[in-house]
Amino acid sequence: MPRAWTILLLGLGIGPLGLAQSVASLESQVLSLINTARAQGTACRGGGGGVALPPLRYDPTLAQAAKRHALNMGRVGFLSHYYQGMGPRVRVARAGYAYLRMSEIIYKGNSMSPQQAVRWWLWSPVHCRAIMNPYYQEFGAGLSPVGGAWAVELAQPR
């Protein structure tokens, strides 16, 4: 973490453990909001969704892949599914997750708000269809506190 962020967080009384717990709590909220949208059968703009789906299960390997990508986006200051020539499918496979299908959704906003990120994903037809994909059974989320970048990996395991 950059020195300026460390000084700011320590000045606010948030130590490294407190920051990790806060980020983990925000990541958990994103996963919960995604499962709420699935349970409600959220309809996607342009088609898709509209049918209640079972909740996705948390997978630590998907979360690890999402976290690494979010941290890279935040640290370097970009928003893309590709980093150093590597896309989400390669990143997830290299993390050790075997999938039949998978999607990655990303977001970078002015805040780290889970509600804002999920609201944007559900408004976007392609992101909403990924969230509402009935084949997906597992997911993991990552947040970069530097730059407020989010990544979520959704997958159907092999």
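**Close-up views of a predicted model**

**View 1. Glu 27 in helix H2.** Glu 27 is part of helix H2, which covers residues 16-40. The model shown here and in the other views is predicted. Glu 27 counts as buried because its relative accessibility is 12%, and buried means under 20%. Setting aside residues up to four places away in sequence, Glu 27 touches Lys 67, Ala 141, Gly 142, Leu 143 and Trp 150.

**View 2. The largest nonpolar core.** This core contains 24 residues, and those with the most contacts inside it are Val 30, Ile 34, Ile 105, Trp 121, Trp 150, Val 152 and Leu 154. At least two residues of the core come from each of H2, strand S2 (99-108), helix H5 (114-123), helix H6 (125-131), strand S3 (138-144) and strand S4 (149-157). H2 supplies the largest share, 5 residues.

**View 3. The surroundings of Ile 34.** Apart from neighbours within four places in sequence, Ile 34 is in contact with Leu 56, Ile 105, Val 118, Trp 121, Ile 131, Phe 139 and Val 152.

**View 4. Helix H3 and its two ends.** Helix H3 comprises 17 residues (residues 60-76), so at 1.5 Å a residue it should span 24 Å; this agrees with its end C-alpha atoms, which are 24 Å apart. At the start of H3, a side-chain oxygen of Asp 59 comes within 2.9 Å of the backbone nitrogen of Thr 61. Gly 77 follows H3 and has a positive phi, near 85 degrees.

**View 5. The buried residues of H3.** Among the buried residues of H3 are Leu 62, Ala 66, His 69 and Met 73. The elements that cover the buried residues of H3 include strand S1 (57-58), helix H4 (88-94), S2, S3 and S4.

How values were computed
Residues numbered from 1 in each chain as written. Predicted model: local features only at pLDDT ≥ 70, side-chain atom pairs only at ≥ 80, totals over all residues. Heavy atoms only, no water. Helix = DSSP H or I, 4+ residues; strand = E, 2+ residues; numbered from the N terminus. Buried < 20%, exposed > 50% of the residue type's maximum accessible area, 1.4 Å probe, protein only. Contact = heavy atoms within 4.5 Å. Core = buried A, V, L, I, M, F, W, Y, C linked by side-chain atoms within 4.5 Å. Expected span 1.5 Å × (residues − 1). Polar contact = N/O pair within 3.5 Å; in protein donor to acceptor, adjacent residues only side chain to side chain.
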